[in-house]
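Here is a short report on a protein model. Look over the sequence and the fold, then read on.

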Amino acid sequence: MLIEPSQLLLFMIAGWVLNLTPGPDVLYIISRALRGGRRAGFAAVAGISAGCLVHVALASLGLGMLLATSATLFSAIKWIGAAYLLWVGVRLLRNPGVPAALQEQVGAATDSAVTANGWQIFAGGFLTNVLNPKVVLFFLAFLPQFIAPSVQNKTLAFAVLGIVFTVNALPINAVYVLLADRMRSSRWAARGMQWLDRVAGALFIGFGLRLALTARPTP
């Protein structure tokens, strides 16, 4: 048996607690769902989940350990990821928003625009996740704690736990999407969309600066 049932249950509970913690991924999901509704929100969830699977694959194949030990590789990905988060933040700050008087007219056009931009939203979520080297380092630090020393194929066990973690996050992310979609139809959302962009932009810039200041962990 790769993973003991009791350890798997503990792992899933810990995963839910961790996924409830706001971060760039959660902020991206909520902002997309508030702007484009459920389809946009779920497209963001799909992109972020795909990014997680890339990190799981890298860590399982040992490339994550290379990232953890190579200062050059870690710095390169860190600065690219930080630049991307800063770029997203600046774009949100410069977004003029949707005037409340035009909200109803824009609402109908938004749903059709979501379909056309679904791949862009997916790609944005994917890049938000995959360009953050802290995610693969998190997998390297967190997942091995739930793999028993007696397990022979630790690589397979690691990959299974990574997939479970990614799938396990879907219900939490779906709740974020549904709550944001519900808020989208409220008067607050219609009047406060521009302020939402400003807050989200400032937070993304904060995430980017924090990532830029992140030091490579010592092996």
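How many salt bridges does a search of the whole structure find? The search finds one. Note that this is a predicted model.

**The salt bridge**

The side chains of R38 and D181 form it, with 3.1 Å from N to O. R38 belongs to helix α3 (residues 38-60) and D181 to helix α9 (residues 154-184), so the pair ties together parts that are 143 residues apart in sequence. The two partners sit in unlike surroundings, as the table shows.

| Residue | Relative accessible area | Class |
|---|---|---|
| R38 | 48% | partly exposed |
| D181 | 16% | buried |

The cut-off for buried is under 20% relative accessible area, so D181 at 16% qualifies.

**The chain as a whole**

The protein chain has 10 helices and zero strands. From the N terminus on, its elements therefore read α-α-α-α-α-α-α-α-α-α. The chain counts 219 residues, and 44% of them are buried.

**How α3 packs on α7**

Helix α3, which carries R38, also packs against helix α7 (residues 118-130). What angle do α3 and α7 make? It is about 40 degrees, and the axes lie 7 Å apart. The two helices are therefore oblique to each other. Their crossing is right-handed.

Which residues meet there? On the α3 side they are A40, A43, A44, A46, G47, I48, A50, G51, C52, V54 and H55. On the α7 side they are G118, I121, F122, G125, F126, N129 and V130. By class, this contact has 12 nonpolar residues, six polar ones and no charged ones.

An α-helix has 3.6 residues a turn, so residues three or four places apart point the same way.

**An enclosed helix**

Is helix α8 (residues 133-142) largely enclosed or open? Seven of its 10 residues are buried, so α8 is largely enclosed by the rest of the structure. The buried ones are P133, V135, V136, L137, F139, L140 and F142.

Technical notes:
Residues numbered from 1 in each chain as written. Predicted model: local features only at pLDDT ≥ 70, side-chain atom pairs only at ≥ 80, totals over all residues. Heavy atoms only, no water. Salt bridge = Lys/Arg side-chain N within 4 Å of Asp/Glu carboxyl O. Helix = DSSP H or I, 4+ residues; strand = E, 2+ residues; numbered from the N terminus. Buried < 20%, exposed > 50% of the residue type's maximum accessible area, 1.4 Å probe, protein only. Axes fitted to C-alpha atoms, helices over the stretch in contact; angles between N-to-C directions. Parallel < 35°, antiparallel > 145°, perpendicular 65-115°, else oblique. Left-handed = near helix turned anticlockwise from the far one by under 90°. Contact = heavy atoms within 4.5 Å. Nonpolar A, V, L, I, M, F, W, Y, C, P; charged D, E, K, R; others polar.
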